2 protein chains.
Amino acid sequence: MRIVVLTGGIGGARFLVGVRAHARRIGAEVTAVVNVGDDVRMHGLQICPDLDSVMYTLGGAADPERGWGRVGESWVIKDELAKYGAEPTWFGLGDKDTATHLVRTTMLNAGYPLSAVTAALCERWQPGITMLPATDSRLETHVVVDVDGERKAIHFQEWWVRYRGDLPTHRFVFVGADAATPAAGVLEAITNADVVLVAPSNPVVSIAPILAVQQLKEAVVDGPAPVVGVSPIIAGSPVRGMADRCLETLGVEISATGVGALYGTRAENGLLDGWLVDESDAGAAVPGVKTKAVPLWMTDEDATAAMVAAALELAGVG
Amino acid sequence: MRIVVLTGGIGGARFLVGVRAHARRIGAEVTAVVNVGDDVRMHGLQICPDLDSVMYTLGGAADPERGWGRVGESWVIKDELAKYGAEPTWFGLGDKDTATHLVRTTMLNAGYPLSAVTAALCERWQPGITMLPATDSRLETHVVVDVDGERKAIHFQEWWVRYRGDLPTHRFVFVGADAATPAAGVLEAITNADVVLVAPSNPVVSIAPILAVQQLKEAVVDGPAPVVGVSPIIAGSPVRGMADRCLETLGVEISATGVGALYGTRAENGLLDGWLVDESDAGAAVPGVKTKAVPLWMTDEDATAAMVAAALELAGVG
């Protein structure tokens with residue numbers, strides 16, 4: 001069996017640990033198609049937060065406390081850059097992490113596409129799945145906000161890390177999406193998939209930028225594989241992160257039903273065949289989408305693998 | 001009084017501490033024209049070893065034990081790059097140092113010349129002198145060697161750091177020197193100088209690459225200021241570094257007389273009016289050059305400042 005997972009970073013990485021565990025049990029292959037909308041160049045380094053979260057988490061090197069970056073990280077460079085007055089100072093650039101960015105940036109500057117660079121980095125981390133960026137093109141999520149009374153677009157990282165989303169926020173723009181094409185291997189993976197899972201990632205800034213790559217979205221929506229999503233909202237609150245702030249901006253109800261409806265049914269050019277919600281949201285109903293309620297708290301690998309098993313069953317391939 | 005010093009890195013930085021001390025006593029301004037032949041781009045970072053040695057030393061942040069780089073340095077990035085298998089692994093890329101390289105590389109990539117970048121970095125370090133790279137152009141010292149029976153040209157850093165100069169070595173080539181022009185401010189500093197000092201740096205790979213910038217050399221040789229050199233050889237041995245390996249390659253005698261003759265007299269289109277040698281080399285004689293013997297061991301700031309006072313006296317401006 002071939003499983004494709006559309007995923008963001010931290011929450012998605014945790015979900016992928018369960019996908020990998022279940023896939024090992026059933027002998028399935030897993031390909032993660034990872035959001036790159038958070039990617040940003042800072043201090044000359046190309047930083048890919050979601051790819052790194054997935055890579056470090058599956059490679060056993062993520063910091064479980066902080067939720068992002070490397071375990072045992074140090075912060076010499078961040079401190080030094082601040083002493084030089086080098087902007088931005090609000091971004092958490094760890095020393096270990098910086099080495100990853102240096103290797104990536106050097107390869108990108110040498111002309112390798114991000115997909116090839118990701119594969120090269122994964123030779124060290126051995127994530128046990130295939131990791132593909134959604135696109136090798138430049139695609140960045142920017143956020144239209146009011147700062148000090150002035151309306152402007154800032155990079156998603158600035159909105160997220162510097163302002164914690166706490167700004168009057170009008171919309172999210174996927175800069176470069178019009179011209180972006182799926183990264184090498186993405187269309188093949190989707191076309192050959194037996195099932196496509198949508199991780200319980202932020203629908204607005206993790207999943208939407210992936211689907212903003214038109215050919216990628218078409219491959220999923222028009223493709224042969226059933227698509228099952230896992231709700232990132234449990235009992236009206238995001239599993240993690242700031243999905244609520246993002247959904248508010250879009251005027252979407254912060255509920256399993258709200259997000260399911262945002263994704264929509266494939267019967268009407270939407271995304272979903274199935275929608276897995278938490279037991280506490282058993283009443284959630286999305287027109288045209290098969291809904292099932294199971295425990296959705298990713299407390300450990302086994303609990304998460306059980307969610308995946310339920311998702312595959314809902315897709316009719318379990 | 002305006003003092004210009006032609007200088008390399010570590011030994012030159014130590015000399016400059018004495019120059020600065022003496023200049024403060026007599027109210028003189030100091031401009032260091034620093035070798036860039038050692039500069040190299042590694043892991044996407046533009047590294048300027050001599051500029052950094054001077055900047056860190058005069059900024060009070062150099063490691064006195066190791067002789068180069070930052071005091072209290074850590075090595076997380078170097079270790080991580082090695083774990084990625086990222087070449088080269090033989091270069092000592094410290095974490096603190098990397099922040100300097102990141103700021104520099106970001107500014108260079110944004111289009112600032114190295115002289116402007118150096119001035120910006122010095123805002124933090126306040127070296128107390130004006131620091132100028134010899135050139136804003138690309139100029140790199142490469143070394144023609146035999147490696148595993150094959151003749152090839154390698155970067156000076158590879159020869160120096162990786163092989164410790166321990167290869168059959170044929171010659172040094174200053175790549176880019178033909179097209180290089182003096183960095184912003186260099187010609188003005190030399191033209192307006194009351195005296196030009198040649199630091200006791202490696203004549204072959206620190207001073208020669210500076211003078212390989214033709215307009216710079218002409219400004220010194222044809223300029224109004226007297227030129228006094230300080231011997232980097234004491235009693236037949238280099239004060240520090242591997243000047244002996246370099247001089248051997250050129251067939252130059254490893255002595256105060258040998259280096260003095262290599263620099264030559266200004267009367268015959270050479271560099272020197274005066275040549276300061278160590279007491280132990282009191283017999284050194286370079287035709288056409290006034291020679292004086294004083295203690296040349298840079299044991300501390302005062303001893304070094306006394307050397308500088310002697311050099312200015314020899315130049316007739318002390």
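The model is predicted, with local features requiring pLDDT of at least 70 and side-chain atom pairs pLDDT 80 or more, whereas totals for chains, interfaces and linings use all residues. Residues are numbered from 1 along each chain as its sequence is written, and chains are lettered from A and ligands numbered from 1 in the order in which they are written.

The buried residues of α5(A) are A:L114, A:V117, A:T118 and A:L121, burial requiring 20 or more other C-beta atoms within 10 Å of the residue's own, with C-beta atoms placed from the backbone. Because these residues cover an arc of only 100° around the axis, they lie on the same side of α5(A). Their cover includes α2 (49–58), α4 (95–109) and β5 (130–133) of chain A. Just after α5(A), A:Q126 adopts a positive phi of about 45°.

In chain B, helices α1 (residues 10–26) and α12 (residues 301–314) pack at an angle of about 75°, with their axes 7 Å apart. The two are therefore roughly perpendicular, a class spanning 65 to 115 degrees.

Between the chains, 20 residues of chain A are in contact with 20 residues of chain B, contact meaning backbone-placed C-beta atoms within 7 Å. On the side of chain A that touches chain B, α3 (76–83) and α4 each give two or more residues; α4(A) gives the most, with 9 residues.

Notes
A residue is buried if 20 or more other C-beta atoms lie within 10 Å of its own, exposed if 12 or fewer, and partly exposed in between; C-beta atoms are placed from the backbone. Helices (H or I, at least four residues) and strands (E, at least two) are DSSP runs, numbered from the N terminus. The arc is that of the directions from the helix axis to the C-beta atoms. Two residues are in contact if their C-beta atoms, placed from the backbone, lie within 7 Å. Axes are lines fitted to C-alpha atoms, for helices over the stretch in contact, and angles run from 0 to 180 degrees between N-to-C directions. Angles under 35 degrees count as roughly parallel, over 145 as roughly antiparallel, 65 to 115 as roughly perpendicular and the rest as oblique.
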